[in-house]
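Subject: Structure handover

Hello,

Please open it first, then read the notes below it.

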Number of protein chains: 2
Amino acid sequence: MSQVAARAGVSVMTVSYTYNRVDRVSAESREKVLQAAAELGYAGPDPAARSLRYGNTRTLGVILGEHLTYAFDNPQAVTFLAGIAEVCADRGYGMLIVPIAGGAEDSLRVSEVAVDAFIIWTTTDDDPVLDAVSGSGRPAVIHGGPVRAGFKLVSIDNRAAAFAMGMKTFAGAHRPAILSFPLDSSRKTVLAAGIDPDTVRFPVTRQRLLGYRDAIEALGLDWNDVVVGATATNNEGEARSLAETMFALEQPIDAIAAMSDDLALGVLDAATSAQLTVPETLSVSGWDNSRASALHQLSSVAQNLRAQGALAARLALGEEPGLAPDDWSVVVRASTGEPATQRTEHGNTPIRRMGANREPFVRSDGLS
Amino acid sequence: MSQVAARAGVSVMTVSYTYNRVDRVSAESREKVLQAAAELGYAGPDPAARSLRYGNTRTLGVILGEHLTYAFDNPQAVTFLAGIAEVCADRGYGMLIVPIAGGAEDSLRVSEVAVDAFIIWTTTDDDPVLDAVSGSGRPAVIHGGPVRAGFKLVSIDNRAAAFAMGMKTFAGAHRPAILSFPLDSSRKTVLAAGIDPDTVRFPVTRQRLLGYRDAIEALGLDWNDVVVGATATNNEGEARSLAETMFALEQPIDAIAAMSDDLALGVLDAATSAQLTVPETLSVSGWDNSRASALHQLSSVAQNLRAQGALAARLALGEEPGLAPDDWSVVVRASTGEPATQRTEHGNTPIRRMGANREPFVRSDGLS
DNA sequence: CTGTTAGCGCGTTCAA
DNA sequence: TTGAACGCGCTAACAG
């Protein structure tokens, strides 16, 4: 910039004004500056120097769980991102995906990143990245959990939603099962009965397990008999093989609540192969009310992740909107054997709402 | 940092060394510094100041087409992003999504963003954002096109791929049609015959139209009779209604090549409603070989967008890998009426490869 | 309308 | 092993 000033025969401030306060510069000077800039290939004020000077970056940092590689394979995370992007585009804020790779250097990355605030897609309770975010002293909004002092939370009440869907899915079942997200960071595939939800370090997964357990108990069934299958990733194929194993058990499973539509679709697939009729001999439910769930008449928990992303972004920007702008609902379709009380046309599925939040949608404190 | 130094009773440089060159500081001083930092709530060197000093940001800028809002709804763009993310996570680079909202301020945003290089998801030939990127003087890699001096290009040969798929889709057809991405930035829904591909400002769309036209002509059909439908977005529902219109034409369409699997699935849907049998009375093909395409026995052009994203990131980082690491192929399934020469099991579909690139995969010059 | 001064927070250079 | 000086490029505040 000083070079431009020299070449234009003006002071540095005139150059600065040319880019920032056009009205404070005479047309004549402006011309000279622009000319000199063009000749020197000067592209305007350096963003890094500006950030330093202004003390802000006009950028939001987004931390996508424990490992970036899986994040984009997860349609839920992507929808959430779309919501953030919407707000960022509107406000002219950059959206910086923080390079989290599951290693020790992740914390370093968090503190090395030039952003004004963080938005965190749900991770484990004890993820060291969360400490790094706290330590950075910058505002943070977390989606799903864990709840942390100083972090704002955007989440539906997963426990209540799982309970509501569990009541639909497990009604009349004798041998219910659950298809879960990973139970810990090792992401090992697991198939076991009587799992203690409180040992699970992923808050969203834990809350959903607790909700399903609530339903199991409300229906007079024994949680210790309930088989929980956990897949390494949110993958339909993996769900299919896990479901096949479930069908081959001595007392075959007759109801499966899955934590995502992808997993549930894998179950439907396995059911077809095993010649089980849905919902007569197998009741199935998913989560997130995807297009595919509508297409396959799969009952599913609906929530608006895009709106949640947008809300998280507004909170991160300190815009502090009102609370509870969104909610969850249970969409009942044929897969859980309810009488179809509504037309469920392909691509135009009316949604039946039921259940209500026990907790406010946005919290900045509380227990998980 | 100077405050920390004062409190620790050392010089500023000792503090700096504590964070950057641990070996140049005695354990004793280090202790004092860390102590002081903790007391003051100092979170380590400021990223913005660091970028200024180092002259780089360790961040890649990603420009997702003309408007950020649509980008995350596009599974192809998301897959490409996943590839970029993979490389960024590995190298510890941030990935900054530039807030493009379709307005005049977009160019400003590009120059205001603190990144070392840009990766651009395909846009129109005349998008002013491209000028802003050029003007910024930072390296840029563009996916799909347009080709520009100074920009590296990562792309398959869309024209060749469209030709190959056109030959399959239109073989034996009397009344072929094309379901296209938008023809211009207005994104108006269009249904017309004899469209001149060269008027289309989206390079990828243009190349594919050219390739389909090549096939039409190679098959002895008249391009002026070929109906092209263009949807406003990559949306299955929109494709369905456009297909329905096509089926209602005086001379009903008997072959449709679609530029995405989503669009093709909309066609299949409409065909079912119209009681058309595929492929006997209607031949259909899609693009990108999605899971859904395999599920619905839809012929599709396969390409590895994730690998292309990773390649684009490596090129942007100046790692200059070898050329042509990937390729496209035509996956023939039942929807184009070829005799099924392979088992096409659900979720485990073998891919028949055919066709070859006419151009190298990576180019940094050439015509579009 | 334009110029001068000062400092954002850091790290390289050179000296001690 | 540590310190002092300097400048990375920019802009707020205050002259003029």
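A disulfide here is a pair of cysteine sulfur atoms within 2.5 Å. Cys88(A) is in no disulfide, and the nearest cysteine sulfur, that of Cys88(B), is 17 Å away. Cys88(B) is likewise in no disulfide, with the sulfur of Cys88(A) 17 Å away. Is Cys88(A) buried or exposed? Cys88(A) counts as buried because its relative accessibility is 0%. Cys88(B) is also at 0% relative accessibility, so it counts as buried. The cut-offs are these: buried means under 20% relative accessible area, exposed over 50%, and partly exposed in between, with a 1.4 Å probe and protein chains only.

Before going further, note that this is a predicted model, where local features need pLDDT of at least 70 and side-chain atom pairs count only at pLDDT 80 or more, while totals for chains, interfaces and linings use all residues; side-chain values use heavy atoms, without hydrogens and water. Residues are numbered from 1 along each chain as its sequence is written, and chains are lettered from A and ligands numbered from 1 in the order in which they are written.

**Domains**

Chain A is divided into domain 1 (2–45), domain 2 (54–155) and domain 3 (158–302 + 328–358). These bounds come from an automatic or database domain assignment. Taken over C-alpha atoms, the centres of domain 1 and domain 3 of chain A are 63 Å apart.

**Strands**

Helices (H or I, at least four residues) and strands (E, at least two) are DSSP runs, numbered from the N terminus. Two strands pair if DSSP finds at least two bridges between them. Strand β2 (residues 94–97) of chain A runs antiparallel to β2(B), and 3 bridges join them. There, Ile97(A) stands opposite Met95(B). Within chain B, strand β1 (residues 59–64) pairs with β2(B) in the parallel sense over 4 bridges. Val62(B) stands opposite Ile97(B). In β2(B), Gly94(B) and Leu96(B) point one way, Met95(B) and Ile97(B) the other, and all are buried.

**DNA strand D**

A residue is near a strand if one of its heavy atoms lies within 4 Å of it. There are 26 residues around DNA strand D, and Met1(A), Tyr42(A), Arg53(A), Thr14(B) and Ser29(B) come nearest. They divide into 13 nonpolar, 7 polar and 6 charged. Ala, Val, Leu, Ile, Met, Phe, Trp, Tyr, Cys and Pro count as nonpolar, Asp, Glu, Lys and Arg as charged, and the others, Gly among them, as polar. α4(A) gives the most to this surface, with 5 residues. Which part of the DNA is touched? A side-chain N or O atom of Arg53(A) is 2.2 Å from a base oxygen. A polar side-chain atom of Thr14(B) lies 2.6 Å from a phosphate oxygen.

**DNA strand C**

DNA strand C is surrounded by 27 residues, the closest being Thr14(A), Ser29(A), Met1(B), Met13(B) and Tyr42(B). Sugar and phosphate account for 62% of its atoms that come within 4 Å of the protein. Here α4(B) gives the most, with 5 residues. A polar side-chain atom of Ser16(B) lies 2.7 Å from a phosphate oxygen of DNA strand C.

Best wishes

Notes
A polar contact is a pair of N or O atoms within 3.5 Å; within protein, one must be able to donate a hydrogen and the other to accept it, and residues adjacent in sequence count only if both atoms are side-chain atoms.
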